[in-house]
Amino acid sequence: MEQTITLGGNKKARRVYGFDEVALAPSALSVDPRDVDASWELGKHRFSIPVIASALDAAVHPALAVEMSRLGGFAVLNGDGVQTRYEDAEAILQEIADAPSEGIVQKIQTIYAEPVKEELIARRVHEIKSAGGVCAISSVPATAPLVARAAVEAGCDIFVVASQVTSVRHYSTHTEVVDLVKFIKDSPIPVIVGNCVGYGPALELMEAGAAAVLVGVGPGAICTTRRVLGLGVPQVTATADCAAARDEYFARTGKYVPIITDGGMRTGGDISKAIASGADAVMLGSSIAAAEEAPARGYSWGMSTSSADLPRGTRIKTDVMGTLREILLGPAHKDDGTMNLVGALRMSMASCGARTIREMQQAELVIAPSLSTEGKAQQRAQGVGQGR
C-alpha cells in the first residue's frame, strides 16, 4: 500500500524513493555474468549496452558519438548547443572549460546567445554518419521543427525532443505551441521525448507516439532545477511510475515503449537500481564528460545553464577518469563504482538471476537507507571506497 503523509491541514504527500534509499536483493538463482544479455531495442535499432550519452555539450561531440556507437550504445548531440552555433566548437568548449568559476554562468549565457545554424546541424550529422556512428540529435520543443528538418535531411537516425518538463498538453498565450502529436507522426525517424516523472504524463507521451520516454527532472550532477524551482521526483519512484505506464500501454496496444532513466546515476549500482525500477536503458551525462574522448576536458555543465532569464544548471569539474571504454566496459582502476559501469550492471543482473533487461526489471528491491554506510566506518574514516 502506498504511504501517504499529512503535511498539515488538507495537504498530503506520498513517500517516494531515490537510489540511495533502496538496494537490490540477490535472487535464489544466480547467473554467470558472461551469460547476461544487456541489450535493448529502439525502433529498428538494437544496442548491445543500455547506455546513452546525454546531449551535454561537455560530453558529446561527433567523435565521441562515433566511439559511443562503436562500444554498443549511442550518444545524443545537442542540436541547440555549441556544436550547431560555432564552426570551431572545440575552441569555444575549451574557452568554457578554462574560464574561472566566478562569472561562469554569465559567460555561458553569452556564448549560447549565438544563433543555431542549419548548415552546422547538417555538418555534424554528416561527421557522425560518415564515420559509421548512429546519429541522434536533440532539441527543446520550441526549436524541434527547425532542428529536426535539418537533421533528418542530413540523415539523422534518431531525434530527441527534451526539456525540463515536456508534455503533450502545453498551454501558452505568448508563443506558438508545437503540436507534439503531429511532429512525432510526421517524423520519418524515431522520436524520443522527455522529460517527465509520472504515470499520467508518460502515458500521454506514449499515446502521442513517442518511441521512448526520458524520465527525470533535476537529478543530474550539473542541474540546479530542484533548488531553483523546487521541482523533481527521486529517480527510483519516477522510473517505476513511468514503467507502469509503459506496461499499461503495452498491455492495451501491443506496442512497447522503452523507458530511459535520465540523470542521477553515478555508479554501476545506481544503473542497476534504475533497471530494476523498470528502466530499459539509462542516459548518462557527467560520467561521459569524464572520459578522455569528451570535448570539455574534465568539465560538465547543464543545458539550462545558458538560460537568459533563469539559469537552472552550473559548471562542475568532473576530472578525466579514463577512456570511454574504461568507464563503460572496463577494466576499472578505481574502487568507487564509477568505472566499468556495464560490467557492474551485468554482475548485478547475474546476482539477481536476470539474464535480460526485462528480467532485471522484475528484480526485488528493498528499502535500505543504511546500505552505503553499514559496516563501512573504516572506509569513511580513511576516505577510500564508499567513504569518498
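How many positive and how many negative side chains does the chain have? Colour by charge: there are 37 positive and 43 negative ones, with Lys and Arg taken as positive, Asp and Glu as negative, and His and the chain ends not counted. The centres of the two sets lie 3 Å apart, each charge being placed at NZ of Lys, CZ of Arg, CG of Asp or CD of Glu.

A word on what you're looking at: this is a predicted model, where local features need pLDDT of at least 70, side-chain atom pairs count only at pLDDT 80 or more, and totals for chains, interfaces and linings use all residues. Numbering runs from 1 along each chain as its sequence is written, and side-chain values use heavy atoms, leaving out hydrogens and water.

Now switch to cartoon. You'll find 15 helices and 16 strands (DSSP runs numbered from the N terminus: H or I of at least four residues for helices, E of at least two for strands). The C-alpha trace spans about 55 × 50 × 50 Å along its principal axes.

Of the 388 residues, 53% are buried (under 20% relative accessible area, 1.4 Å probe, protein chains only).

Finally, select Asp241, in helix 9 (residues 235-253). Is Asp241 buried or exposed? Its relative accessible area is 18%, so Asp241 is buried. Show what surrounds it: leaving aside residues up to four places away in sequence, Asp241 touches Arg14, Val197, Gly198 and Tyr199 (contact means heavy atoms within 4.5 Å).

Notes: Buried means under 20% relative accessible area, exposed over 50%, partly exposed in between (1.4 Å probe, protein chains only).
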